Amino acid sequence: MTNSSQENNTNENNTNTKTKAGEHLSKIMKEFYINQHLDAQAGKFCVWAAIIVPLEILRGFDIIVGIPENYSAMTASKGLGSAQCERSHQLGFSPDLCSYARIDLGNNLYPPKDAQMPPLPRPDLIITDNNNCSLLAKWFDVYHREYNIPHFILDVPFCYNPQDYDGLNYILSQYKDIIRKIENMTGQKYDIDKTREAMNNTNEALKHWKRFMNAALHKPAGITAFDSFVQMATFVTLRGTPQIVEQYKLLADETEVRIAEKIFPVPDEKYRLLWDNIAPWHQLRKMSSRLKQLDANIVYATYTSCLGTIEGGIDLYEYDGVDPLKHLARTQNFSVCPYGLELRYEVIEKLVDRCGIDGMVFANNKSCKVYSLMQLDIQKRLIDKLKIPSIMIDVDHADVTRYSEEGVFIRIEALLEQIDRYKNVC
Amino acid sequence: MITAGIDIGSNTTKAVLMDNKSIIADRVIFTGYNARDAANEVFELAVKDAGISKNDIDKIICTGYGRDYMPEADRTCTEITCHALGARYTFPDAGSVIDIGGQDSKYILLGADGMVLNFIMNDKCAAGTGRFMEVMARALNMDLEGFANISLESENPSRISSLCSVFAESEVISLISAGAERSDISAGLHDSIASRIVAMVHRIGLKEPVIMTGGCAKNKGLVKALEKNLAIKIMTDNKTAQINGAIGAALKGMGI
C-alpha cells in the first residue's frame with residue numbers, strides 16, 4: 001500500500017478551491033522533500049524505508065528517512081509514471097512488476113536528464129518488510145546490490161488469525177536488531193524517549209484521522225475516498241512528527257466545519273460506494289469528477305480505513321503511553337494486505353454496515369497481486385451474504401497504460417443501475 | 001406507450017420500437033465510421049417501418065458503446081442492464097446471459113425480476129469477440145455464415161492453442177499449410193473462443209437456463225462449441241438475439 005502527493009488536489013471543496021488542509025499538505029510535503037536534500041548535503045545518514053516499517057523507531061535517531069513508495073505514487077499522480085516505467089523496461093525490468101517498483105527503479109538507475117522531480121537522496125541503509133508486499137524485498141535488493149549497502153528485511157508473520165504472543169515477540173526482537181544496526185552504522189545512541197514522543201504524535205494524529213474519516217458516515221458524505229487517498233501522504237512520510245498532528249487536526253476540523261456549512265463533495269449523493277485496493281493515482285481527479293456527475297461517491301476505502309487498526313478492525317487501536325515498541329509491534333499488521341480471507345472479509349463487512357454502503361468497487365490492481373488475489377472470493381461472499389452489488393474493475397495504481405477509463409466506467413454505471421434495481425426490488 | 005431502444009455497438013447499430021412491450025419494428029445496420037449518423041439512420045428506418053412518426057414515441061433509450069452519441073435520447077443505460085432485461089423478455093425464466101458482441105463478450109448472472117446479480121466482461125482482448133470470428137473467417141477465405149456452418153461438419157477439430165487473435169491467425173495459416181481440413185480448423189477456432197467464454201462463466205458461476213445473445217448467437221458452430229464445453233443446452237432466439245440489447249433499452253423506457 002501507499003499514499004499520495006500534494007499535487008493530487010481532489011482536496012477541493014465543491015467550488016473547486018483548494019481547502020486549507022489541501023494547501024497545508026502541499027506545503028509540508030514540499031518541505032519534506034526539500035529538507036531531505038538539504039540534510040543529505042549536510043552529510044546526514046539516510047535510510048530508505050518501506051511505508052509499513054515503523055517510522056516512529058527511526059525518529060529515535062537524527063537521520064533522513066526516504067520513502068520510495070511515496071515518491072512513486074507522487075510521480076504517478078503528476079502523470080509521469082508511465083514514462084518512468086518505460087525507463088525501467090529499457091533497463092531490462094519486466095513490465096509485469098509493480099509500477100511503483102518500475103517507476104522507482106527507472107528514476108534511480110536511469111534518471112532522465114531533465115527530471116521534473118529529483119531522485120531521493122542516496123541511501124546508506126534500506127529497511128523493508130514482507131507483510132504487505134511480496135515484491136518489496138526483491139525491489140530494494142536491487143539497490144542493496146547496486147549501491148552496496150545493507151538491506152534489513154523485517155520478517156512479519158502473515159495473519160490468518162489475529163497476532164499471537166510469539167508473533168509479537170518475533171517482531172519486537174527484529175525492531176531491536178534494526179536499532180542496533182543503525183546505532184552501529186551511525187555511531188548515534190538510540191533515544192527511546194524520541195520514539196515515545198513520536199508514538200504519542202502518531203496516536204494523536206490518528207484520532208484526528210478517524211474524526212476526518214467519520215465525515216464519510218454523514219449522508220451525504222463530507223468526504224470522498226479520494227480525499228483520504230491524498231491525505232495519506234502525511235501518514236506514510238511524516239508519521240511520528242508534530243507535522244502530522246497539525247495536518248490531521250486541521251483536516252478534521254475543516255471537514256467538520258464544511259459539513260456544518262453543508263458543503264459536500266457530491267451534494268446530490270445517491271450512491272455510496274466502498275473501494276477495495278490502492279488508489280489509482282493517475283485518475284484521482286478524473287474519476288472523482290465523473291463519479292460526481294453520476295451522483296456517486298466512493299465514500300470509504302479499505303486502503304485508508306486501516307490506519308491505526310489491528311487485524312480485522314476498523315477502529316483505532318490506541319497507544320497506552322507505556323511501551324512504544326510493543327505498541328508498534330502490535331500494530332505492525334495494520335495494512336489490509338497481510339490478512340487472510342476471513343480477516344479481509346471481516347473488515348469489509350464492518351465497513352459496509354457502518355458506512356451505509358450501497359455497492360462495492362473491487363479494483364483488481366495489476367501492480368498489487370497481494371491486495372487483489374482474494375477479491376473474487378470476497379466478492380462472491382459479499383453478494384451471497386450481504387446482498388450488496390459489486391463490480392470488479394481493472395486498474396493499475398501507477399501505470400496509466402494499464403487502465404481503460406471507458407472500460408471502468410461502463411462497469412461503474414452498470415453497478416449504479418444494479419443498485420437502483422436492488423433498491424426497487426429488495 | 002411507445003418506446004425506442006437504440007443499441008449503438010462497435011459493429012452494428014440496432015433499433016427496436018415497442019408498443020406496450022410488443023415489438024412493432026426492428027432494424028439492424030452497420031455502425032460504420034459515424035455512430036451518431038448510424039443511430040439517427042437506424043431510428044428513422046425503424047420509425048418508417050412501424051408507420052408512425054417520431055412524435056409518437058414517448059421515450060428513447062440508448063445503450064451500447066456509442067450510447068452517448070444520440071442527443072435526442074431521453075436517457076442512456078449500459079448494455080449489461082439492457083441485455084439482462086432483453087433476455088428475460090424473450091426467455092422469462094433466463095438464469096444467465098452470454099452476450100458476444102463485435103468488440104467484447106460478457107456473461108451476466110440474473111436474479112429475481114431480471115436483476116443483474118453479477119457480471120463479467122472481456123473488453124480488452126479481441127479473442128472471444130465477434131471481431132475474432134470475422135478475422136478468422138477471412139483467414140479461411142470464407143464468409144461468416146459459411147465459416148460457422150462448416151465447423152459443424154468436423155469430426156476432428158484442430159487444436160488452436162493461442163489465446164491471442166493475432167497469433168491464432170498465424171496458427172491457422174500454419175494449419176492450412178500443413179493440409180488440415182477447413183472444417184477442422186473452423187471447429188478448432190470455435191472451440192478456442194468457447195473455452196474463453198467458459199472460463200468467464202465459471203469465474204462467477206453457471207446458472208441455467210443460459211441464454212445467448214448478440215450477433216454471434218446466430219453462429220450455430222459457436223453455440224454448439226459452447227454447449228459442448230459447458231455440457232449444457234444453450235437457449236437462443238435467432239429473431240431477437242442481435243437486437244436483444246435494443247429490446248432491453250426499449251423496456252427500460254417503460255420504466256421496467
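Begin by colouring chain A by its domain assignment, an automatic or database assignment of bounds, which gives domain 1 as 20-191 and domain 2 as 194-425. What you are looking at is a predicted model, in which local features need pLDDT of at least 70, side-chain atom pairs count only at pLDDT 80 or more, and totals for chains, interfaces and linings use all residues. Residues are numbered from 1 along each chain as its sequence is written, while chains are lettered from A and ligands numbered from 1 in the order in which they are written.

Taken over C-alpha atoms, the centres of domain 1 and domain 2 of chain A are separated by 23 Å. Across the boundary, 44 residues of domain 1 of chain A are in contact with 47 residues of domain 2 of chain A, where contact requires C-beta atoms, placed from the backbone, to lie within 7 Å. On the side of domain 1 of chain A that touches domain 2, select helix H1 (20-41) and helix H7 (165-186), which are among the helices that each supply at least two residues; helices (H or I, at least four residues) and strands (E, at least two) are DSSP runs, numbered from the N terminus. H1(A) gives the largest share of that side, with 7 residues.

Next, select strand S5 (residues 271-276) of chain A, where 6 of the 6 residues are buried, so the strand is largely enclosed by the rest of the structure. A residue is buried if 20 or more other C-beta atoms lie within 10 Å of its own, exposed if 12 or fewer, and partly exposed in between, with C-beta atoms placed from the backbone. Show the side chains, and you will find that Tyr271(A), Leu273(A) and Trp275(A) point one way from S5(A), whereas Arg272(A), Leu274(A) and Asp276(A) point the other way.

Strand S6 (residues 296-301) of chain A pairs with S5(A) in the parallel sense over 5 bridges, and Leu273(A) stands opposite Ile298(A) in S6(A). Strand S7 (residues 359-365) of chain A also pairs with S5(A) in the parallel sense, over 4 bridges, with Leu273(A) opposite Gly359(A) in S7(A).

Finally, move to chain B and select Asp74(B), in the loop between strand S4 (59-63) and strand S5 (75-76) of chain B. Asp74(B) is partly exposed, with 15 other C-beta atoms within 10 Å. Its C-alpha atom is separated by 8.5 Å from that of Gly253(B), 179 residues apart along the chain.

Terms used: Two strands pair if DSSP finds at least two bridges between them. Two residues are in contact if their C-beta atoms, placed from the backbone, lie within 7 Å.
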